[in-house]
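Thanks for coming, everyone. I'll walk you through one structure today, piece by piece. Please have a look at it first.

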Amino acid sequence: MSAAKPPKKNVVYSQPADTGTGTNINTQLVYALDYLKSTSNPMRIQDIAIVTNTPLDTDTVLLEKFKSHDRVQYDPKTGLYSYRHDFNFRDKATLLTEIQRQTRRGGGISVRILKEPWKEAPQAIEELEKEGEVLVTRTVKDGQLRMVFWNEIKADEESGGKQVEKGGPNRACITRGLSRYPVEFLDLWHQLKVPNDVDLLKALTSEGLQATASEAPAPKAPSNTKKKGKRSAPRQRQVRITNTHLKEEIDLSRDYHATGN
């Protein structure tokens, strides 16, 4: 009697085996850098090696590559390593200072970059938005924070801005820096009316100007396909008689039908 076969293990051969961080030194370096980037606290080299499963504490070549990387900071006093982010802050006040500095340079900051050094940055940015300190842009799909800018002009009493009602509640607006603009100017501004299309064209014509024409569509490439339409009747080709020696006996211009036996 044959011995029973051991049951087969559920092995999925279509999936590669989990080999951890691999044996390539550059791959191991990427694993170590990604982990150091994800943590906000400085770490010992031994701890990084254990968590990432890399020979970072025993392989001298890998350790030298890790130390010489431009994103790795080493503190010789404590012997700890940390990741060098583009920004370094841990509270809302310092975050606002970084946003102000970047806005003065002529641009905003990606919220994703601000989240790297401080995980609570998105919540702090939403609080600053409610306080009127910053302006943000969001994604169309799910409304997630995308870019943040410092709000240089705020609509509050301290900066001279206040709510002004003009032409009913539908035309209420916030005038910023009201002290710089006379009330007479604001009244004249709200009295202006946008002309309709007909009057606008007349005004342009009287000044010798033309309205901007829409862009003409690009010409289509010639097509080799023939247009579909009524099919023309087939041409009648003239019959050419070559067997002239039979002309006297048989009328070759007529169809020939064999006589039955």
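This is a predicted model: local features need pLDDT of at least 70, side-chain atom pairs count only at pLDDT 80 or more; totals for chains, interfaces and linings use all residues.

**A walk through the model**

Strand S3 and strand S5, residues 145-150, run antiparallel and are joined by 2 bridges.

Now the whole sheet. It is open, it has 3 strands, and their order is S3-S5-S4. The pairing is antiparallel. Which strands stand at the edges? They are S3, residues 109-110, and S4, residues 134-138. Each has a single partner strand, so one side of each is left without a neighbour in the sheet. As a reminder, strands of a sheet pair through backbone hydrogen bonds.

Next, the helices around that sheet. Helix H4 lies across S3, S4 and S5. H4 runs at about 75 degrees to S5. H4, residues 92-104, also packs with H6, residues 121-130. Their axes are 10 Å apart, at an angle of about 75 degrees. Angles of 65 to 115 degrees count as roughly perpendicular, so H4 and H6 are roughly perpendicular to each other. Who meets whom? From H4 come Lys92, Leu95 and Leu96. From H6 come Ala121, Ala124, Ile125, Glu127 and Leu128.

Let's move to helix H2, residues 45-52. Which residues of H2 are buried? They are Ile45, Ile48, Ala49 and Thr52. They cover an arc of only 100 degrees around the axis, which puts them on the same side of H2. The general rule: an α-helix has 3.6 residues a turn, so residues three or four places apart point the same way. The buried residues of H2 pack against helix H1 (25-38), helix H3 (60-67) and strand S2 (80-83).

What follows H2? Asn53 does, with a positive phi near 60 degrees. Then look at Thr54, in the loop between H2 and H3. Is Thr54 buried or exposed? The cut-off for buried is under 20% relative accessible area. Thr54 has 6% relative accessibility, so Thr54 counts as buried. Its side chain makes a polar contact with the side chain of Thr52, at 2.8 Å.

Last stop, the hairpin. Strand S1, residues 72-75, runs antiparallel to S2, with 4 bridges joining them. Val72 stands opposite Tyr83 in S2. Between the strands there are 4 residues, and Gly79 takes a positive phi near 75 degrees. Along S2 the side chains alternate. Tyr81 and Tyr83 point to one face and are buried.

Definitions and conventions: Residues are numbered from 1 along each chain as its sequence is written. Side-chain values use heavy atoms; hydrogens and water are left out. Buried means under 20% relative accessible area, exposed over 50%, partly exposed in between (1.4 Å probe, protein chains only). The arc is that of the directions from the helix axis to the C-beta atoms. Contact means heavy atoms within 4.5 Å. A polar contact is a pair of N or O atoms within 3.5 Å; within protein, one must be able to donate a hydrogen and the other to accept it, and residues adjacent in sequence count only if both atoms are side-chain atoms. Two strands pair if DSSP finds at least two bridges between them. Axes are lines fitted to C-alpha atoms, for helices over the stretch in contact, and angles run from 0 to 180 degrees between N-to-C directions. Angles under 35 degrees count as roughly parallel, over 145 as roughly antiparallel, 65 to 115 as roughly perpendicular and the rest as oblique.
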